[in-house]
Amino acid sequence: MTDQEKHLQDLKEIRSLMEKSSKFVSLSGLSGIITGVVALIGAALAYYRLQQHWMQSDGGRFAEYSSFVHNTIPVQLGWSNLVFDLVAIACGVLFVAVVASTYLTVKTAKKNGQSMWDKSSQLLAVNMMIPLAIGGVFALIMIKQDLFGLVAPVTLIFYGLALINSSKYTLHDIRYLGFAEVILGLMNAASIGYGIFYWAIGFGLLHIIYGVLMYFKYERK
Amino acid sequence: MKGIIAHLNKAFENRIRLGIMSVLLVNDTVEFNRMKELLDVSDGNLASHISALEKEEYVLVQKQFVGKKPNTTYKVTKLGKKAFEDHLTALEKLLKG
């Protein structure tokens, strides 16, 4: 090996160690795709559940529907069956997405020789959780205040901020996904009532697109 | 050419030392076990290279006890950071030249 080659090798190693020791790069693109698909199924279920609710017998629910969509007057839904079902669907989606992503990420981490629970993944988790938890509590308060129209924009915006905030600790690409989620959330806030539509795009479609891009960029070799 | 080579720091000639400095430059503090895992080296090997860097005052070694277990963490000093960055610049110049 010539000196030149040795120095080049040294630089390569330095760069890889700097990245490996400070960033968690084993997020799997496939987990993005699965999360997206599960979110789309969830959105379809929620849409179906809402339709079923508004179609029920009396037709007196039309006023409720229009105020729900246009948020003219707060709908007094409280913790009704409908809200309970919608929250249950959301929790189900979250659960499946987290389990599937964790499984796939463990697999990718093993392949990369990176340990799943080290300093870098802890930093990633903490920095992701701070905006997510605040956004989650904020969304629950919105439900409690009967401001349903704000739930979707709030969750999209805070999720986007969580991604932007944690992009320092993982693949830089999630920063762009974060900005896209925030923009969608703001658009949704400007057209309240289309929450399910924006949710399906933000948590469904964008995750699938992101997952496919990441898969081709980093995993398929 | 000779002028540039003179800028390469002898203290970083070893692979493991380069590795230690790389990790310390992007992390505030790093524990012994984590460093071992990242560099994939033996205890003794790591300890001897760390103490060489400590002698140059490039690395700060902090020993403390977590419960009853000794816990050693490493930090890069200002001097070490400067020295390593100069070394990297020299390496890059050498490759370009």
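Local features need pLDDT of at least 70 and side-chain atom pairs count only at pLDDT 80 or more, while totals for chains, interfaces and linings use all residues. Residues are numbered from 1 along each chain as its sequence is written, chains are lettered from A and ligands numbered from 1 in the order in which they are written, and side-chain values use heavy atoms, with hydrogens and water left out.

Start with confidence. The model scores ipTM 0.76 and pTM 0.73. Chain B has an average pLDDT of 86, and 92% of its residues score at least 70; pLDDT is the predictor's confidence in each residue, from 0 to 100. In chain B, confidence is lowest in helix H1 (residues 2-7), with a mean of 58. It is highest in helix H4 (residues 43-55) of chain B, at 92. Where pLDDT is low, the predicted coordinates should not be read in detail.

Now turn to chain A. It holds eight helices and zero strands. Helices (H or I, at least four residues) and strands (E, at least two) are DSSP runs, numbered from the N terminus. Of the 221 residues in chain A, 43% are buried. Buried means under 20% relative accessible area, exposed over 50%, and partly exposed in between (1.4 Å probe, protein chains only). Among contacts in chain A between residues at least 6 apart in sequence, 74% join residues at least 24 apart. Contact means heavy atoms within 4.5 Å.

Next comes the packing of helices. Two packed helices are described by the angle between their axes and the distance between the axes. Axes are lines fitted to C-alpha atoms, for helices over the stretch in contact, and angles run from 0 to 180 degrees between N-to-C directions. Take helix H6 (residues 151-166) and helix H8 (residues 195-219) of chain A: their axes come within 8 Å and cross at roughly 25 degrees. That makes H6(A) roughly parallel to H8(A). Angles under 35 degrees count as roughly parallel, over 145 as roughly antiparallel, 65 to 115 as roughly perpendicular and the rest as oblique. The residues that meet include A:Leu156 and A:Tyr159 in H6(A), and A:Trp199 and A:Phe203 in H8(A). By class, this contact of H6(A) with H8(A) has seven nonpolar, four polar and no charged residues. Ala, Val, Leu, Ile, Met, Phe, Trp, Tyr, Cys and Pro count as nonpolar, Asp, Glu, Lys and Arg as charged, and the others, Gly among them, as polar.

H6(A) also packs against H7(A). Their axes come within 7 Å and cross at roughly 160 degrees. H6(A) and H7(A) are therefore roughly antiparallel to each other. Among the residues in contact are A:Leu163 and A:Ser166 of H6(A), and A:Ile174 and A:Leu177 of H7(A). The contact of H6(A) with H7(A) has 15 nonpolar, five polar and two charged residues.

A:Ile174 is buried, with a relative accessible area of 4%. Not counting residues up to four places away in sequence, A:Ile174 touches A:Leu163, A:Ser166, A:Ser167 and A:Tyr210. The C-alpha atoms of A:Ile174 and A:Met214 are separated by 9.6 Å, with the two residues 40 apart along the chain.

Finally, chain B. B:Thr72 lies in strand E3 (residues 69-76). B:Thr72 is buried, at a relative accessible area of 18%. Leaving out residues up to four places away in sequence, B:Thr72 touches B:Val30, B:Glu31, B:Phe32, B:Val61, B:Gln62 and B:Lys63.
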